[in-house]
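Thanks for coming. I will go through one structure today, starting with a few annotated positions and moving on to rings and helices. Please look at the display first.

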Amino acid sequence: MATAETSLDPSDPSGPFESGQTSAGRASEHIESFSYDDDISRKFAVATIVWGLIATIAGLVVALLLVLPKAFVGLEWLTFGRLRPLHTNAAIFAFAGNGIFAAIYYSTQRLCKARMWSDVLSRLHFWGWQLIIVAAAVTLPLGITQSREYAELEWPIDLAIAVVWLGFFGVNFFMTLIKRRERHLYVALWFYIATIVTVTVLHVFNNLVVPIAAFKSYSVYAGVQDAFMQWWYGHNAVAFFLTTPFLGLMYYFLPKAANRPVFSYKLSILHFWSLVFIYIWAGPHHLHYTALPEWASSLGMLFSVMLWMPSWGGMINGLLTLRGAWQKVAVDPVLKFFVVGVTFYGMSTFEGPMLSVKSVNALSHYTDWTIAHVHSGALGWNGMMTFGMLYWLAPRLFQTKLWSVKAATLHFWISTIGILMYIVPIYIAGLTQGLMWRAMDETGQLVYPDFVETISSIAPMWWLRVVGGALFVAGVVLMVVNYFMTWLSRPSAYEVPVYQAPRLAKQADYREPAEVSEAIKDAPMLEAAKKLDTWSRMGWHRRWERLPVRFTILVTLAVVIASLFEIIPTFLIRSNVPTIATVQPYTPLELAGRDIFVAEGCYNCHSQMIRPMVAETKRYGEYSKPGEFVYDHPFQWGSRRIGPDLAREGGKQSNLWHWLHLEDPQSVNEASVMPSYVHLLDTAIDFDKISDRVWAAHMLGAEYDKELTNAPEIARKQAELVAADIVSQGGPIKRGELMTYDTQAVALIAYLQRIGTDIFATPEADESSETDGPAPGEVPEDVDAIPEVAAGQADPQSDATG
């Protein structure tokens, strides 16, 4: 029978200092026996490896699709726009998520000297989370998405996430804290608390939607507000799902692996609270020079730059923990992974604030520079820390030796080289894109007016990324083999040690520190300086660490208050989104076409936001205004340009051009990396479902009248007009068994022809539609006067070319 030890050093990795109970007091308390539930950690560890392999393979496929766009022609569920969200969700929530849970379940029990409160909730959490991941893996390739980065999953899955995250995982974790046998809450637990609380707040408020079907909904936010909420969530999903739990992991597993105490307890306090408070403000820096109000993006930039200090405080605390143990790094692959992981954390958290500075962001935004930055953090920080933790856990969870230390070391070198081969070419590609986009000659004209020139110039860098990604995948495969062989050598039955520790007293004999330290008690100093000395010893924080409920409330207040300072003005001050009289709701057909645009994940390649920069306005047209997006649920501003911006796409090309472009992009532009969307030409529009879309849009503020009762007919009439134009220019009369106007391509074309045109409309232009033709989005009443066109019988040899 083992006895759980208690450290007298607050930063000792073997267990946190238990303040407030004397030895005599502890001895007189009731002694309890308990064991740890390592089976749940085993489950999450194995799931981490399995999903890690799937996520990295998906990433490799996505990278290949950029250089081989015709690889899966005809398979609509394997296009770049559908697979990229699958890759990001698998990497973040499946690989990193399961790794987080493995770490939290293992370390929390030992830091609390208590088994998890409920074995049932632990299993519900595990299986519930795996089902959510499977649901994401099925729905995203099928085009079932909200098209909001890192929050693509539709509302039934979002509800399941809320139940599993807070109802199963959160309740189990906080009840374990309450039932713990260790008075003090070690620093790792602080970061776990911040993760659970903040992710809950982010997930709930970012995913408020109006459902219209089992797997279709519209965000309650529109345009500017939707963009703000999305990047309040998106940036802080990185902060509180990919940063704070991994810092907790670092504070527990790095000292354990090095057998050294954490370098500085005080630094961990400053690191934690400054990170929690500052991080939540930084989201708007993703929207510099967009239609977001200037004050919001400036505030985001300010706090992003401030974020550098606490972030590097954590990195320094991690690396200096290895003082006196650096000789172990040379022989221990676990420490190798941890050292490189913490180093990448420092690099990423220096680069992040730098990219938030507006002058830098003007060059980097929408380019592959952002992709390189994200992957240096995801692969270097999250990946390497997870691998190190899993190798440390393997012999302890399977109660046997790791199958091959040499294989683990080889995995380290393969992964490190793979990361560098991935990110260095993509940094070069990003800088190349940014410089080419803004390049202007002495006459003030664009040097590279054709967008595809930038794609052709960086294609070799994309091939190098494939090589780097393949190396990283090879490292993961090596780990799978190592873990599997270690599992095979496990004992026939796992030993379950029983520990003993006194029950936590309800009223601890907490000893406040002396008012003034003996060293300065009688020194000729100001009283304020003596009080500062007392405060700096942080006895006040020691009290907080003994009260998990109060600690959780303080964390929640820090997050909520900081969020409200940005959210309330964005929503309540009308001048943030000036109205534009000519901006009208989408027609029923355009609304259906926009949903197709969303389902295909077009935002992954195309932005809809022209920034107020000379080069951008010369390339795309008038810069975007806040009032243009008031009917956009969700917004589609995008965060990357693999294709040109579409904010002023309406009217630039003929309807036939769009039809041919969807059918075979390379026939329109040989250098295009866009995949074929021929399936849209072969799939019928479900006109009957358009009524639900119109009703939801009306609920969210769109001013509809006859559309509420006659949406399908109005949509058919506009589809017939678009189809007639395509046929008159030489397009097909039929596509398989479908008339041209029945296809989803027609709806998408209607939407593309509407984008960005309202701002140029005038009431006079609308009234003169009899002579000038229908205004964008307007369906003439006399469409039935051309039955031969409606029936698809126009002359396919028409001389009109568009």
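Let me begin with His87, which is buried at a relative accessible area of 16%; buried means under 20% relative accessible area, exposed over 50% and partly exposed in between, with a 1.4 Å probe and protein chains only. Before I go on, this is a predicted model, in which local features need pLDDT of at least 70 and side-chain atom pairs count only at pLDDT 80 or more, while totals for chains, interfaces and linings use all residues. Residues are numbered from 1 along each chain as its sequence is written, and side-chain values use heavy atoms, with hydrogens and water left out.

His87 is found in helix α3, residues 80-112. Helices here are DSSP runs of H or I with at least four residues, strands are runs of E with at least two, and both are numbered from the N terminus. What does His87 touch, leaving aside its neighbours within four places in sequence? It is in contact with Ala55, Ala58, Gly59, Val62 and His375, where contact means heavy atoms within 4.5 Å.

His87 and His375 are both listed by UniProt under "binding site", in an unreviewed entry. They span 289 residues in sequence, yet no two of their C-alpha atoms are more than 12.3 Å apart, so they gather at one spot. UniProt positions follow the numbering used here, feature names are shortened, and annotations may be inferred rather than shown by experiment.

The UniProt annotation "binding site", again from an unreviewed entry, also covers His373. His373 lies in helix α15, residues 368-398, and counts as buried at 17% relative accessibility.

Now the rings. The whole structure holds 55 aromatic pairs; rings of Phe, Tyr and Trp (its six-membered ring) pair if their centres lie within 6.5 Å, and planes under 30 degrees apart count as stacked, over 60 as edge-to-face and the rest as tilted. One of the pairs is Phe191 with Tyr251: the centres are 5.6 Å apart and the planes at 20°, so this pair is stacked. It links distant parts of the chain, with Phe191 in helix α6 and Tyr251 in helix α8, 60 residues apart. Phe191 is buried at 0% relative accessible area, and Tyr251 counts as buried at 2%.

Last, a charge. The charged end of Arg110 sits over the ring of Tyr106, 3.7 Å from its centre; this requires NZ of Lys or CZ of Arg within 6 Å of the ring centre and within 35 degrees of the ring normal.
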